[in-house]
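Work through the exercises below with the sequence and the structure in view. Try each task before reading its solution.

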Amino acid sequence: MTSHDNQAFLNEELKYVREKLTEILKGTEIVACHIAMVQVKIKRTKYKQTVAHFQFPKDYPQSAILIELKSKTLSEKLLNKLVEICDQEAKKHISSPQLVPIITFIKKFLDENFFSICSDEINYIKKNLINPEKDELKIKSKSGTLSFNINQDKFYMTFKIFVPDNYPGEPVRIEETASNFPGYLRKVFLSQAEEIARKCVSKPLKRNSKTPPFEPKSSLQPVVEFLVNECIKRYPKESCPLCHKQVLPEKPEDVIKDTSHPNHLERVYCSHIYHFGCLDKYMKTPPFKDKKCPACKSIIYHEKWNVSAKVAEDRWAHKQAKQRELEEVVDFLAD
Ligand SMILES: [Zn+2]
Ligand SMILES: [Zn+2]
């Protein structure tokens with residue numbers, strides 16, 4: 001083709017894009033469309049969107065279109081990768097119109113890659129939270145599912161994290177598939193992980209007019225980090241702040257189910273774990289006001305010992321009185 005033919009070819013292609021693109025490809029919006037520059041906004045959700053900038057080399061369409069991608073929400077790394085594969089794709093369309101195929105390709109990428117919006121978080125998780133020798137992570141891009149199998153000593157938990165289409169506007173969803181931690185801890189792991197996810201997208205109740213408008217925060221990394229570091233990898237090694245002996249047994253099958261057994265595991269509000277016997281004794285000994293966790297100095301909250309300092313003091317005084325009575329009886333008998 002001569003340069004004149006090229007010009008005519010390009011004009012024809014631009015005309016087609018102007019007239020048809022937004023109709024044939026939902027989620028696109030033309031920002032500019034002329035020979036010097038084409039700009040198209042390609043959008044899947046509020047978060048998964050990019051503006052593609054195209055320029056035409058002199059010998060277009062005999063050589064590939066020049067592509068640049070910009071986005072306020074997608075990571076630089078992902079955009080660079082996407083440009084790279086778009087360049088490859090453009091080469092397949094040499095000598096024919098390239099705009100529509102490339103824009104379609106980018107739209108399809110955003111539609112099918114649930115993780116395009118959280119690629120940085122996934123890289124962080126792979127690098128920092130997964131031990132490749134012990135743990136496992138399976139990534140299913142098209143359904144937005146991450147399947148984890150995390151191990152610590154003889155304890156494990158397998159769970160799935162679902163990244164919704166509208167992420168991070170909506171939080172990730174968590175589903176436990178199997179675990180050999182005590183049932184009571186498993187419930188705590190899940191409910192706290194859900195709470196972390198929820199907080200990422202909930203507007204704080206108290207706000208002053210000076211704070212910038214609330215933007216949902218990414219919930220994937222905080223949730224996985226909590227489950228891996230603050231739960232699964234933590235508790236098998238953790239000892240009781242009172243007797244300094246490990247709380248979970250070496251073998252998961254030895255976990256004590258009887259809630260009144262002295263070695264039954266109790267987790268308090270600050271997240272430290274105790275033996276029931278140790279904690280019970282500690283909570284029933286004065287001083288009663290603002291009983292603190294010896295490990296972190298925060299006040300202990302636990303439903304089993306959810307009594308006011310006054311009540312605890314009265315009980316203790318009563319017990320002491322009983323003890324004195326008994327001692328008096330013993331003394332009396334000894335006389
Ligand atoms: Zn203990
Ligand atoms: Zn504590």
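**Exercise 1: surface and burial**

Task: State how much accessible surface the protein has and what share belongs to carbon and sulfur atoms.

Solution: The accessible surface is about 19,500 Å², and carbon and sulfur atoms hold 53% of it. Areas come from the Shrake-Rupley method with a 1.4 Å probe. Next, of the 335 residues, 41% count as buried (under 20% relative accessible area, 1.4 Å probe, protein chains only).

This is a predicted model, where local features need pLDDT of at least 70 and side-chain atom pairs count only at pLDDT 80 or more, while totals for chains, interfaces and linings use all residues. Residues are numbered from 1 along each chain as its sequence is written, and side-chain values use heavy atoms, leaving out hydrogens and water.

**Exercise 2: overall form**

Solution: Begin with the spans of the C-alpha trace along the principal axes, about 125 × 50 × 25 Å.

**Exercise 3: the core**

Solution: The largest nonpolar core has 81 residues (buried Ala, Val, Leu, Ile, Met, Phe, Trp, Tyr and Cys joined through side-chain atoms within 4.5 Å). Helix α6, residues 220–232, gives the most, with 8 residues. Helices are DSSP runs of H or I, at least four residues, numbered from the N terminus. F148 is among the residues with the most contacts inside the core (contact: heavy atoms within 4.5 Å). Leaving out residues up to four places away in sequence, F148 touches residues including I125, L137 and V224.

Note on methods:
Chains are lettered from A and ligands numbered from 1 in the order in which they are written. Buried means under 20% relative accessible area, exposed over 50%, partly exposed in between (1.4 Å probe, protein chains only). Helices (H or I, at least four residues) and strands (E, at least two) are DSSP runs, numbered from the N terminus.
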